[in-house]
Amino acid sequence: MSTETIEFQAEARQLLHLMIHSIYSTKDVFLRELISNSSDALDKLRLAAFRDKELEVDTSDLHIALEIDSEQRTLTVRDNGIGMTRDEVVELIGTIAKSGTAEMLAQLRQARETAGTSEEASAELIGQFGVGFYSSFMVADRVELVTRKAGGHAGVRWESAGEGSYTVAEAPDAPQGTAVTLHLKPEDTDDALHDFANPATVRATVKRYSDFITWPIRLGDETVNSRKALWARAQKDVSDEEYSEFYRHVSHDWREPLETIRLAAEGTFEYQALLFLPSHAPMDLFWREARRGVQLYVKRVFIMDDCEALIPEYLRFVKGVVDANDLSLNISREILQQDRQIQLIRKRLVRKVLSTVKTMQDKEPDKYATFWSELGRAVKEGLLSDHDNQKAILEICSFDSTHDPSTPTTLQDYLARMPEGQDAIYYATGESRAALESSPHMEAFRAKGYEVLLLTDPVDEVWVGTVPSFEEKALTSITTGEVDLGGDEVDDDTKQGFEALLAWMASALADDVKEVRLSHRLTDSAAVLVGDPGDLTPALERMYRAMGQEPPTVKRILELNPRHALVTSLRAAHEQRPDDAQLGDTARLLHGMALLAEGGELAEPAAFVALLSRQLEKSLS
Ligand code: ADP
Ligand code: MG
């Protein structure tokens, strides 16, 4: 086979372009990426050899070798791991398969176009994605990769200067495994500290980023890394720096973790876990194919990434390692889901994560606030899916509230502030804080001095339906049901006086509302729309529509304020001229106004405006 030249896929080209014009300030991470790939390749080979006894490979000296040629100014990262076939090289190195890379590139471009944020914002985004193999081009102007797949395939040589295209050719004498050779850029020569043709730089970089890698990393005769699995070392023997680097290795996040969690069980079923909470929401947190789960090891042997059986979806941002002693190395994803021991580990991990956040909330409020603002939206999904831990999840939740606009409140604090006589936890759901605060539903609560939780995340609409109470106080929506705050009672005479009006309006508005009644919740507004408990709320209806479903339209209830001049005048007019067509217009206007006041959308805005304009004309003539 002769040499073949292949164009990089468009997205790969864009990413490479960014790498070459290196926007990432800490270029030395390329070595971490290459070592990380080699480490993965060695893990895969060991597992493959274990599972397939026929596979002809030598696993007696699996390792990573770093080779420096200071004359030629090259650095080679070599492993005798699983290797790649020609097709795999083209597939894995020539394209970017990672989901969401297009979005990342779009965001990068946007960040760079926004003046002032360019450098930092780009670094942040790139870091989140785990820059991978292409990061080699930050320090090299030409990269060669020679590889041979374990099990007797033909060797392949891949080569590129990064821009535009790469070549692939046969490499008959390639040893099994992969060697990546970087032809280092000349401009870095002047700075010995950042010159990767300098063994001291390479050694320090390995120590810094890759010390915990369990395979030996050799530089000449020396093994540079200490190779100890962090989770198997005593807590006191591991430095924060080491935890941070390990976190970066497993999470592809370049920042510090927010919290490190260690966990171990002894006895009949032994395992160790090392978990991390991130300090920022991972970019894919709300993508459909978000990565989820921690790495699974069995007796120090890597088994799989993203082991979703170990972590429920709502804690998908938790990263780390679980190393179990008594599982089979052959265990598959499907079997894992049903494995009782795995289920027990998962239970314990979840409780530990929740209690860690609780402790953070009690002891380190600032850290907790960061956690919640970044990841709370995901955690709240657990209120729906994890019934066993619902109470523990509620305890670590915070919500915006009318009490203090700048600080979210916990339910515990809400209860502590509850005045005498209030016996429910009140909340409002909606699209924005401003809309909720100015909604007529809020009037009676404001008058009474009752605090209302303002829930504006889409998931809030959903979980409130499944959580009946907290500490025996009912969670109660201010927009559903009959609110009776024990204020000025509407006396029986008034009620009777309004009967005819209510009945007439109910029939006049029958297409839009299911009932018209007097309100206990209004002080300033004339009318408000409310729902029955359990009814689909307007926001939920919109959510279903956004998801392409057609939910049944739920009619709501129109409540009138019997003390409002508009309502009392309407009643008087209806008593005198029950057949006046203009009254019907007024009823429709009242309904539309109630809808607008809560931030809702009119079904027919043009018809509403026509009505309004007719009324205005009359009032002027
Ligand atoms: P990532 O490691 O996040 O998947 P990379 O860009 O680092 O992204 O690598 C892309 C893919 O190329 C890897 O997933 C792996 O399949 C393959 N690869 C890279 N380096 C090696 C290697 N040394 N040995 C075998 N396969 C490798
Ligand atoms: Mg990688």
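In this predicted model, ligand 1 is surrounded by 12 residues. The closest are N37, A41, D79, L92 and F133. By type, the shell around ligand 1 divides into five nonpolar, five polar and two charged residues. Two helices each supply at least two residues of this shell: α2, spanning 29-51, and α3, spanning 86-93. Helix α2 gives the most, with three residues.

Polar contacts were then examined atom by atom. The side chain of N37 places a polar atom 2.8 Å from an oxygen atom of ligand 1. F133 approaches through its backbone instead: an N or O atom there lies 2.9 Å from an oxygen atom of the ligand. On the side of T178, an N or O atom of the side chain is 3.3 Å from a nitrogen atom of ligand 1. Taken alone, ligand 1 exposes 530 Å², and the protein buries 80% of that area.

The strands form a further topic. Five strands make up an open sheet with mixed pairing. Their order is β15-β17-β16-β19-β18. The edges are held by β15 (400-401) and β18 (469-470), each of which pairs on one side only. Within the sheet, β16 and β19 run parallel and are joined by four bridges. Strand β16 covers residues 424-429, and strand β19 covers residues 473-477. Y427 stands opposite S477 of β19. In general, the strands of a sheet pair through backbone hydrogen bonds, in either a parallel or an antiparallel manner.

Note on methods. Residues numbered from 1 in each chain as written. Chains lettered and ligands numbered in written order. Predicted model: local features only at pLDDT ≥ 70, side-chain atom pairs only at ≥ 80, totals over all residues. Heavy atoms only, no water. Near = heavy atom within 4 Å. Polar contact = N/O pair within 3.5 Å; in protein donor to acceptor, adjacent residues only side chain to side chain. Areas by Shrake-Rupley, 256 points an atom, 1.4 Å probe, with all protein chains shown as cover. Nonpolar A, V, L, I, M, F, W, Y, C, P; charged D, E, K, R; others polar. Pairing = 2+ DSSP bridges.
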